Amino acid sequence: MIPYRVSNVRRLGPSRLTAGLDEHRRLDLNAHHKYHDRLPGQTVDALISMAEEVDLRGRGGAAFPFARKLRAVSARDGETVVLVNAAEGEPASLKDKTLLTRAPHLVLEGALLAASALGSREVVVAVGAGELAEASVTAAVAERGLTGLVRVAAIEERFVSGEGGALVRAVNGEIGLPPGRKVRSSDSGVYGLPTLLSNTETFAQLAVLAELGPEEYAAVGTVQEPGTILLTVGGSVGAPAVVEVPPGVPLADVLTLCEAKVGDGLLLGGYHGTWMSAEAAYGTVLSRRGAKEAGGELGAGIVVVLGEDTCPLGETARVAGYLAAQSAGQCGPCRLGLPDLARAFRQLQDGDPDGPETVRRAAAAVKGRGACFHPDGSARFVLSALDAFAEDVEEHRFHGGCGRETKGVLPLPVEEARDVRLMVDWTRCQGHGLCAHLVPELVKLDHHGFPVFMDTGVPSWLLGDAQKAVEMCPALALRVGAK
């Protein structure tokens, strides 16, 4: 994954989730209780009432009302489970890893509070395998003597691993991919039991809410969105950080705090979010409502800034290829549509005069048709680039480029062992076209009948088909290997 820094935490306004992190790299149990009260148990009705009073929403991106999840699970008979979604597969986000790495007991307090109110059988914390966050939360569970009641489930982290159905499958020992059909975790989750599933920050927010009470919790933020939120701010900034802010703060203040150098614009909401021009960004208020009024989505609180020294279309094309390779490969819009969308955007970057319309057609072919939200989010990300970078689009169309390199400002996982490509020896290729029929997700034919390859790695679910194409190539021109 991308290099992980645990030291950069900043804030505008009160420190709640980040309390104590100026003085401690990690809050052990004793340090945690210096900054946070010991929480008494709560009934499930009391928790629901508090969550409803401040309209506590999930912080994983969908902003689903937490009280409704609590009520749905509490209405079920029999055993229940609490599942903390710490599978932060979004490469541009570090807020949940930061919480689990540096303030793990705050997350556990919220999860244990909910589990006690529900009478749950177990708390499961699902986190990326081999990360600092896994070691930190495992140590925190041991500090509290909760082994047996709280289980740390180390899972393989992918972009779609944080989707609810994918997470439940991974925790249950299956492949961590979306199931292709909607199954509410409140009906059937971990072990097939009703499960309260929410994001890492959401459980930390629940602990803060129980500690402060609804009135004090709502003393900051806006009337519609009280409290604080965590943002991951990166890209072309002098001080990348996880920032705690109250909703209602101008995005411009956060950019100044992090010493941002905004050139062409910024990405708000992550790789299922939207690009914004610099002018729009500086006029945006940080809240769900403010982001929507600016034509974007706050999502999981991700801000990635682009400076002036990188090609915005090249940056978008890199991520579009990554998103195509990260799909579950379980439906047509993912298997065929997202590679087509990535190819279309790469052609636009390369100067195709019909590029914008080709991109729009490819996006229309996947929107609203996927088995999960991945195709819709990917299409939103790509389409927003056409508007935010309209001048660059025209420059690429008429001049074949903008004269800038693609610096790789948008973070992507570093997975050298998996970066295998389908490649061709052009001295042998005779344009038979068989490869495009065997792996249409990876290969298209140009107007001469020769292959055009996806500029991304071969997804694990396509390795078998790619190898079959190699074996069946009449000219023995194909191979699968590292780039």
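This is a short walk through a predicted model, stop by stop, with something to select at each one.

**Stop 1: the four-stranded sheet**

Start with the open sheet of 4 strands, which runs in the order β4-β3-β2-β5 with parallel pairing. Colour β4 (150-155) and β5 (195-199): they stand at the edges with a single partner strand each, so one side of each is left without a neighbour in the sheet. On average, neighbouring strands here are turned by 20° against each other, direction ignored.

Now select β2, residues 81-86, which pairs with β5 in the parallel sense over 5 bridges. Click on Val82 and you'll find that its bridge partner in β5 is Leu196. Over at β3 and β4, 6 bridges join the two parallel strands, and Gly128 stands opposite Ile155 in β4. Trace the chain from β3 through α6 to β4 and you follow a right-handed β-α-β crossover.

**Stop 2: helix α2**

Select residues 44-53, helix α2, and show the side chains. Which residues of this helix are buried? Val44, Leu47, Ile48, Met50 and Ala51 are. They cover an arc of only 165° around the axis, which puts them on the same side of α2. As a reminder, an α-helix has 3.6 residues a turn, so residues three or four places apart point the same way.

What covers the buried residues? The cover includes α3 (66-74), α5 (104-118) and α8. Step just past the end of α2 to Asp55, which takes a positive phi of about 50°.

**Stop 3: the nonpolar cores**

Next, go inside. The largest nonpolar core has 53 residues, and Val82, Val123, Leu196 and Phe203 are those with the most contacts within it. Elements giving two or more residues to this core include α2, α3, β2, α4 (95-102), β3 (122-128) and α6 (132-143), while α5 gives the most, with 10 residues.

Centre the view on Val123. Setting aside residues up to four places away in sequence, Val123 touches Val82, Val84, Ala111, Leu112, Ala115, Leu149, Val150 and Arg151. Apart from this core lies another, of 45 residues, with Val160, Leu306, Leu348 and Leu412 among them.

**Stop 4: the six-stranded sheet**

Move on to the open sheet of 6 strands, ordered β1-β7-β6-β12-β9-β10, where the pairing is mixed. Its edges are β1 (9-11) and β10 (274-277), each with a single partner strand, so one side of each is left without a neighbour in the sheet. Neighbouring strands are turned by 25° against each other on average, direction ignored.

Pick out β9 (265-268): 4 bridges join this strand to β10, and the two run antiparallel. Within that pair, Leu266 stands opposite Met276 in β10.

Helix α4 lies across β1, β6 (229-235) and β7 (241-245), running at about 115° to β6. Helix α15 (374-388) lies across β9 and β10, at about 15° to β10.

**Last stop: Thr358**

Finish by selecting Thr358, in helix α14 (355-364). Is this residue buried or exposed? At 19% relative accessibility, Thr358 counts as buried, since the cut-off for buried is under 20%. Leaving aside neighbours within four places in sequence, Thr358 is in contact with Ala344, Gln347 and Asp352. For one more distance, pick the C-alpha atoms of Thr358 and Arg343: these residues are 15 apart along the chain, and the atoms are separated by 9.6 Å.

Notes
Residues are numbered from 1 along each chain as its sequence is written. This is a predicted model: local features need pLDDT of at least 70, side-chain atom pairs count only at pLDDT 80 or more; totals for chains, interfaces and linings use all residues. Side-chain values use heavy atoms; hydrogens and water are left out. Two strands pair if DSSP finds at least two bridges between them. Axes are lines fitted to C-alpha atoms, for helices over the stretch in contact, and angles run from 0 to 180 degrees between N-to-C directions. Buried means under 20% relative accessible area, exposed over 50%, partly exposed in between (1.4 Å probe, protein chains only). The arc is that of the directions from the helix axis to the C-beta atoms. Contact means heavy atoms within 4.5 Å. A nonpolar core is a set of buried Ala, Val, Leu, Ile, Met, Phe, Trp, Tyr and Cys residues joined through side-chain atoms within 4.5 Å. A crossover is right-handed if, with the strands pointing away from the viewer, the path from the first strand over the helix to the second runs clockwise.
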